[in-house]
Amino acid sequence: MFIDYYIILSVALFCIGIVGVLTRRNAIIIFMCVELMLNAVNLLLVAFSKMHHLTPPKKELAAVAGTDGQIFVFFIMVVAAAEVSVGLAIIVMMYRNIHSVDVNFLNRLKH
Amino acid sequence: MNVTEILFGILTVMALFSALLMITSKNPVHSVLWLIVTFFSISGHYILLNAQFLAVVNIIVYAGAIMVLFLFVIMLMNLNNTAEPKKNRWLKLVGGIAGGCLFLVLVAALKDSEVKRQFTEVKTGDIGLIKNLGKELFSTYVVPFEISSILFLSAMVGAVVIGKKE
């Protein structure tokens, strides 16, 4: 399988996430779009981690080349899980204060 | 066209279609459900790349834990029948154009890149199996692994402190 297909798929998912962040007003959906962008990056990292297997740099590295990429994906998932717990707590607090999750009401820093 | 390419095509169409429905559906609960479909198809891609550990972790952590958390919050706020306020149509259009331009630039940048037309290995290879990843995680990356537990502890404390009533 060509790496190009994976790159285009990941870029498309990332751009869908960006369009969602730019066009939606609901804070929860914006947050979900950020998750989608993280997942697009993860998919690309996994695809790249399997790329140099056919021409590894050294013979003894052939078995484990690309492991680092998948470990990175694992740590990205760990950080994303921590981020979601704090972010959702912030959204709940925002809903409790202004009774809405619309980001248009969060413009007090503007004035 | 062999089985791998057909599977790749089906999973790709599923991921893009459900991601588009996720950002366009009015009801937040439907958005969450479409995002879960997207995560499952990304997990299918991981299985196709023989990254089985990450596929299982993706389903457990993302489609399981994180999305359940989102659903809980949406249902706690009772948002599922409140329509979003009317917003500027031009703003939506400009957002779509900006995202489309980014997509165009990134795909066009692929044209002269070194990685173009390189192969990625599907269906074979054992670096994605739990034996290899676990060995690496507990030898080379053991310090970041332990630090991430502190990160989780602080995230837990932070979530409780932020979410607490005064």
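Student: How many residues does the contact take from chain B, and how many from chain A?
Tutor: This is a predicted model. In it, the contact takes 82 residues from chain B and 73 residues from chain A.

Student: What area do the two chains bury between them?
Tutor: Chain B and chain A bury about 7200 Å² between them. Carbon and sulfur atoms account for 77% of that area.

Student: Which helices of chain B supply at least two residues each to the side that touches chain A?
Tutor: They are helix H1 (3-24), helix H2 (28-48), H3, helix H4 (89-109), helix H5 (130-137) and helix H6 (142-163) of chain B.

Student: And which of them gives the most?
Tutor: H3(B) does, with twelve residues on the side of chain B that touches chain A.

Student: What does H3(B) look like, then: how many residues, and what reach?
Tutor: Helix H3 of chain B covers residues 52-77, which is 26 residues. From its first C-alpha to its last it reaches 36 Å, close to the 38 Å expected at 1.5 Å a residue.

Student: Where is the kink in H3(B) centred?
Tutor: The kink is centred on B:Met67 and is about 30°. Just after H3(B), B:Asn78 takes a positive phi of about 55°.

Student: Changing topic: how is chain B divided into domains?
Tutor: Chain B has domain 1 (3-126) and domain 2 (129-166). Taken over C-alpha atoms, the centres of these two domains of chain B are separated by 25 Å.

Student: What do these two domains bury between them?
Tutor: Domain 1 and domain 2 of chain B bury about 420 Å² between them, 74% of it on carbon and sulfur atoms. In domain 1 of chain B, the residues that lose the most area to domain 2 are B:Gln52, B:Phe53 and B:Asp126, together 88% of what that side buries.

Student: How many residues of each domain are in contact?
Tutor: Four residues of domain 1 of chain B are in contact with four residues of domain 2 of chain B. The count of salt bridges between these domains is zero.

Technical notes:
Residues are numbered from 1 along each chain as its sequence is written. Chains are lettered from A and ligands numbered from 1 in the order in which they are written. This is a predicted model: local features need pLDDT of at least 70, side-chain atom pairs count only at pLDDT 80 or more; totals for chains, interfaces and linings use all residues. Side-chain values use heavy atoms; hydrogens and water are left out. Helices (H or I, at least four residues) and strands (E, at least two) are DSSP runs, numbered from the N terminus. The expected span of a helix is 1.5 Å times one less than its number of residues. The bend at a residue is the angle between axes fitted to the seven residues ending there and the seven starting there. Domain bounds come from an automatic or database domain assignment. Contact means heavy atoms within 4.5 Å. Buried area is the accessible area (1.4 Å probe) that two parts lose on being put together, summed over both. A salt bridge is a side-chain nitrogen of Lys or Arg within 4 Å of a carboxyl oxygen of Asp or Glu.
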